[in-house]
Amino acid sequence: MFDKNYKIDDLMDFDEKYVLHTYARKKIRFSYGQNARLYTPCSREFIDFGSGIGVCSVGHGNQELADAIAKQAKDLIHLSNLYLIEPQALLAKKLVELCGYDMRVFFSNSGAEANECAIKIARKFGEKDEKIDRYKIITLESSFHGRTISTLKATGQDKMHLHFAPFPDGFLRAKDIDDIYNVVDSKTCGVLLELIQGEGGISPMDKEKIQKLAKFLKEKNILLMVDEVQSGIYRTGEIFASKVYGITPDIISTAKGLGGGIPIGATLTNLKNIFVPSDHGSTFGGNFLSTRAGLCVLEILEKEYNSGKLVATIDSFNQHLEKIISDFSFLFEKKVGIGLMCGLVAKDDNIQKNIIENAFEEGLLVLKSGKNVVRFLPPLTIKEDEISEGFERLRKACCKL
Ligand SMILES: Cc1ncc(COP(=O)(O)O)c(C=O)c1O
């Protein structure tokens, strides 16, 4: 859908004039999409290997999701959390059953909010649990946890902290997993980490180190808090990356892929009675529309998973990446990531930049991550023809260098 009354230049002018300048936008106007394909009003086609930074998990224009949203919108979009919200209860049940962790869920509207809730759970746990107040949360270098003031402080990239001090107290930084043992002190209540750093270069943590850390934290009664905002909801091939790592976190935060594009965040915890009414809340969080969308997304993805389609898609996508690595070894060092959260490490940041730009010109959307990684987060429902056409375009983009 697009408004014929406006030319792209007019819209770019409005955007420039009226919208705060927080994004370096490209001059492109998409009007509709079909699974991993996107179209401009003049029918120029793109293949989407980014899915709105890992959000459009069931693709664009998904009929089942559109029908579920439309039906729910006609019935009820929103009531306050003071009343029972049927799809919210059903979505919480579905999430807990799919992951198999003995947890309860709080719903919010974004990844940062899901992490805010995680932080509040850890703080209340630390306050309640011991004679001394434990309030410190350890996070890792190169991590990304959001842009609210406390999730920004939790984010381990100092360049993002410029201009916004003072920050809330109680966040400690570890260089890497090994360094966590040095940083833990008597006031630590939790460790918050991404198993695969999404913005920090798509580099997965070492499985053995994570399992050892999980054991250590349990012994010390410190919470293991896993940020699965990007890695969750089947992105790695399992409902949560935590399953791939064989761990049982105390808290999992997730968002992006859960609503298929409708904003939703979720925080799951095994501290099932940590909150009492009024400890936490959200006006919009968990409303009829977003949780209905989440429920529909999970039903679609559960089928993809159970039928073996997801694993076949992951295999095919990764084989194409391997082939790119071997054919363009002068551009790339290696492939990184797990499942459909993957990347190619470019030899330098210039190559990364040029590949992303050339791919765009060829009609392919790919993302950046870290200093030199070309990131791929395609829809989990991407089809074989879309994969091969996308990689054909990526090859052309590489050949131009
Ligand atoms: C791992 C991780 N945590 C948190 C966030 C913040 O999510 P949101 O932008 O929905 O607040 C992101 C977003 O990219 C993320 O990748």
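## Exercises on a predicted model

**Exercise 1.** Find which residues are closest to the ligand and how many surround it.

*Solution.* Start with the shell: 13 residues surround the ligand, and the closest are G111, A112, E194, D227 and Q230. A residue is near a molecule or strand if one of its heavy atoms lies within 4 Å of it. This is a predicted model, in which local features need pLDDT of at least 70, side-chain atom pairs count only at pLDDT 80 or more, and totals for chains, interfaces and linings use all residues. Residues are numbered from 1 along each chain as its sequence is written, and side-chain values use heavy atoms, with hydrogens and water left out.

Next, sort the shell by type. It holds three nonpolar, six polar and four charged residues. Ala, Val, Leu, Ile, Met, Phe, Trp, Tyr, Cys and Pro count as nonpolar; Asp, Glu, Lys and Arg count as charged; the others, Gly among them, count as polar.

Last, look for the main contributor. Helix 5 (residues 111–129) gives the most to the shell, with three residues. Helices (H or I, at least four residues) and strands (E, at least two) are DSSP runs, numbered from the N terminus.

**Exercise 2.** Work out which atoms of the ligand lie 3.3 Å from a polar backbone atom of F144 and 2.8 Å from a polar side-chain atom of Q230.

*Solution.* Take F144 first. Its polar backbone atom is 3.3 Å from a nitrogen atom of the ligand. Now Q230: a polar side-chain atom there lies 2.8 Å from a ligand oxygen atom.

**Exercise 3.** Determine which residues line the largest cavity.

*Solution.* On a 1 Å grid over the protein atoms alone, a cavity is a set of points where a 1.4 Å probe fits but cannot get out, and lining residues have an atom within 4 Å of a point. The count comes to one cavity of 30 Å³ or more. About 30 Å³ of space lies in the largest cavity; a volume is the space filled by probe spheres set on the points, which are joined across faces, edges and corners. The lining is G54, S57, V229, Q230, G232, I233, R235, K256, G257 and L380. By type, that lining divides into three nonpolar, five polar and two charged residues.

Note on methods. Polar contact = N/O pair within 3.5 Å; in protein donor to acceptor, adjacent residues only side chain to side chain. 1 Å grid on protein atoms, 1.4 Å probe; cavity = no way out; pocket = protein on both sides within 12 Å on 5 of 7 lines; lining within 4 Å.
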